[in-house]
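Okay, thanks for coming, everyone. Let me put the thing up on the screen, and then we'll walk through it together.

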Amino acid sequence: METPQQMKAAVQRCIDGHKDELHALSRDIWSRPELGGNETHAHDTLVGFFSRDEAWTVQACYVLPTAFRASWGPVGGADGEPALNVGFLCEYDALPGIGHACGHNLIAEVGAAAALGLKAALETQTELPQAVKITVLGTPAEEVIGGKIELILAGAFADFDLVFMAHPAQQDASFLPCITVDEVLVKYHGKAAHASAYPWEGVNALDAAVLAYNNLSALRQQLRPEWRLHGIIKRGGEQPNIIPAYTELEFYLRTPQVKDLCVLKAKAEACFRAAAVATGCRVEIIYPGHCYYNILPNATLAKLYENNGKALGIQFQEQSANFTGSTDFGNVSFIVPGIHPFFYICTEAFNHTENYTEAAGAEKAQLFTLRTATALAMTAVDVLCCPDLLRGSLYTTAPVIKVVND
């Protein structure tokens, strides 16, 4: 078996050797942005990318119509020994109107590049301490429905032992505190009436919506400073001379940790119900999607990633304690040990802006993107070669969590 440094050199050679192909993959996805759940071109492009090498077993439309799974291995270890499954995740959904303003085309590139690099490091090894396989999982619709959560519920992560992905941002960081978020839809049902001739016959659902909105605004004074609630009135009535019989609000509720979300939910629901009581409306409170959990920090993997990144020239800034983004990777971190670092792409623009869209497709982002992929694959090499993480009962997923989810 080669030394970890020799394996890491193989990672770097492979990713550098495929840089043009990887850039073309990313640029192809970037140039045809697709909303979550409709990423057919991105799905087909990634499936085609891995299918070109017969060593990969590729499953298109895996569980979800635009998800995929590509597997390689196992290699090493004793015959019949269960393989340690190292996962790399790809995202590739865009945003309405502004395309890949969150750089998910680069997330897909990082996942593909890291998988290629780790495969190159492992395919010539015959004396690995543990059988190893690599799985790339295409996880669609992060921006809208939480594709990873759908895949978790379908058992797609059941055989994963470690999982890696990285997200473009304004800085390089091994961890940023992505927080819990849940969406709530509130519907008020009143009674229509002529707003001038006989308004007393109506039950004003718009009054309920306005009261609810103001209730939440007042509630903010008593919330913890790191908690967030924000939303809009989606439907406010039909025309001024009709007492609105139906209104609808949509709010996002966010807390740093999932355990705090139930407290915020109870407070918000009290505001919604109070508005219904005050106006005589009937209220429906609906949580239409999945709750995105906070990311569990993984100090062991984060430190390994930082060491590898620094060796490649990545400069890590002091980590922010106030990052308030959310991701469905948080749910993954509760069941599989892994990391979700962030990486700079040579722009000071913020995500979800037109300027960031331009930066995500620019050639100058490639150095930073492929450097991040290299650091992720090198981190996987460290774990696979580390007896302290792979000895004895740590070959199974649950004990690995005990070691690396510290």
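Let me start with a term: I'll say buried for under 20% relative accessible area, exposed for over 50%, and partly exposed for in between, with a 1.4 Å probe and protein chains only. By that scale Asn241, at 35% relative accessibility, counts as partly exposed.

Two housekeeping points. This is a predicted model, so local features need pLDDT of at least 70 and side-chain atom pairs count only at pLDDT 80 or more, while totals for chains, interfaces and linings use all residues. Residues are numbered from 1 along each chain as its sequence is written, and side-chain values use heavy atoms, with hydrogens and water left out.

Back to Asn241. You'll find Asn241 in the loop between strand 8 (228–235) and strand 9; helices (H or I, at least four residues) and strands (E, at least two) are DSSP runs, numbered from the N terminus. What does Asn241 touch, once we leave aside its neighbours within four places in sequence? Contact here means heavy atoms within 4.5 Å, and the partners are Ala193, His194 and Ala195. Ala192 is 49 residues from Asn241 in sequence, and their C-alphas are 9.9 Å apart in space.

Now the inside. I'm calling a nonpolar core a set of buried Ala, Val, Leu, Ile, Met, Phe, Trp, Tyr and Cys residues joined through side-chain atoms within 4.5 Å. The largest one has 67 residues, and Trp56, Phe68, Val86, Phe88, Leu118 and Leu122 have the most contacts inside it. Which helix gives the most to this core? That's helix 4, residues 104–122, with twelve residues. Take Phe88: setting aside neighbours within four places in sequence, its contacts include Gly111, Ala114, Ala115 and Leu118, and also Phe164 and Ala380. There's also a second, separate core of 26 residues, with Leu223, Trp227, Ala268 and Cys271 among them.

Have a look at Gly138 too, in strand 4 (residues 132–138). Gly138 is buried, with a relative accessible area of 0%. Beyond its neighbours within four places in sequence, Gly138 is in contact with Ala67, Phe68, Cys90, Tyr92 and Leu151.

Next, the cysteines. A disulfide is a covalent bond between the sulfur atoms of two cysteines. The rule used here is a pair of cysteine sulfur atoms within 2.5 Å, and by this rule the count comes to zero. Cys178 is in no disulfide either, and its nearest cysteine sulfur, in Cys102, is 9.9 Å away. As for accessibility, Cys61 is partly exposed at 49%, whereas Cys178 is buried at 4%.

The search uses a 1 Å grid over the protein atoms alone: a cavity is a set of points where a 1.4 Å probe fits but cannot get out, and a pocket is an open set with protein on both sides within 12 Å along at least five of seven lines; lining residues have an atom within 4 Å of a point. Grid points are joined across faces, edges and corners, and a volume is the space filled by probe spheres set on the points.

The largest pocket comes to about 780 Å³. It's lined by 31 residues, and the closest to its centre are Glu142, Glu143, Arg254, Ser326 and His352. Strand 6 (167–169), strand 7 (180–189) and strand 9 (246–255) each supply at least two residues of that lining. By class it's 13 nonpolar, twelve polar and six charged, where Ala, Val, Leu, Ile, Met, Phe, Trp, Tyr, Cys and Pro count as nonpolar, Asp, Glu, Lys and Arg as charged, and the others, Gly among them, as polar.

How many cavities of 30 Å³ or more turn up in the whole structure? Three. The largest cavity has a volume of about 60 Å³, and its lining has six nonpolar, four polar and no charged residues.

Most residues other than glycine have a negative phi, and most peptide bonds are trans. His352 is partly exposed at 39% and is found in the loop between strand 12 (342–344) and helix 10 (354–360). Ala141 has a positive phi as well, near 60 degrees, but Ala141 is buried at 2%. And a cis peptide bond joins Gly73 and Pro74, with omega about 10 degrees.
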